[in-house]
Amino acid sequence: MPDDTFFSQNSSALYAYWHNLALRRGGVPLREDFDPAEVLRLLPHIFIVEKEVDTGRFLFRLSGTAIRDIMGVENTGRYLDELLDGEDLANVASMFDEVMAHGTCMRSIEGLTYSDRSYLRVEILRLPLVHGDGSQRLVLGCLSRIENDCRPNQVPGQVKDKSLIQIDNDVLPRKSF
């Protein structure tokens, strides 16, 4: 992986950890392969999203405290459609679906605009995990600030100014950037 793929050390470290799991597994790692004790420093920035079989809704099984601080809202135990709507919801759901359906790793740089008109850029990494039942309906992710150019975040933000890459790796089918 080129050193310039990630802006955040958190994303780089989580991708390296996930990639090692994938190499050991010979493909997309199982949820059970992920051991939070091995990435303690990253936990505040990590999230796990599950797509529910019955409803098709995306549930945040886990969302770290740094994510809460950045987003201005607790995500753990909440559905994506409770947190976003409209185009933002469609875009984020589409990325989760792509990661799950094709085993694609995605990194996005996104701008969050808050209701107090402050602005923050974040890097979000999305990595596939296989559920215990064998289905690909989990995403392991990392969200980190890449610029600290706004006031403390006391209100929810909206996703704006998104740029996206699909990460080339030697475990999953190649995707171009």
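Trainee: How many salt bridges does a search of the whole structure find?

Mentor: This is a predicted model, where local features need pLDDT of at least 70, side-chain atom pairs count only at pLDDT 80 or more, and totals for chains, interfaces and linings use all residues. Residues are numbered from 1 along each chain as its sequence is written, and side-chain values use heavy atoms, without hydrogens and water. A salt bridge means a side-chain nitrogen of Lys or Arg within 4 Å of a carboxyl oxygen of Asp or Glu. Searching the whole structure gives a total of 10.

Trainee: Which strands hold E50 and R61?

Mentor: Their side chains meet in a salt bridge, 2.6 Å from N to O. Strands are DSSP runs of E, at least two residues, numbered from the N terminus. The pair is 11 residues apart in sequence, so it ties together two parts: E50 in β1 (residues 46-51) and R61 in β2 (residues 58-63).

Trainee: Is E50 buried or exposed?

Mentor: Buried means under 20% relative accessible area, exposed over 50%, partly exposed in between (1.4 Å probe, protein chains only). R61 has 47%, so R61 is partly exposed. E50 has 8% relative accessibility, so E50 counts as buried.

Trainee: How far apart in the chain are R137 and E50?

Mentor: R137 forms a salt bridge with E50, with the closest N and O atoms 2.4 Å apart. R137 sits in the loop between β4 (119-129) and β5 (138-145), and E50 in strand β1. The pair links distant parts of the chain, separated by 87 residues.

Trainee: Which residues do salt bridges that share partners join into one network?

Mentor: D133 and R137 also meet through their side chains, at 2.9 Å from N to O. Shared partners make one network of E50, R61, D133 and R137.

Key
Helix = DSSP H or I, 4+ residues; strand = E, 2+ residues; numbered from the N terminus.
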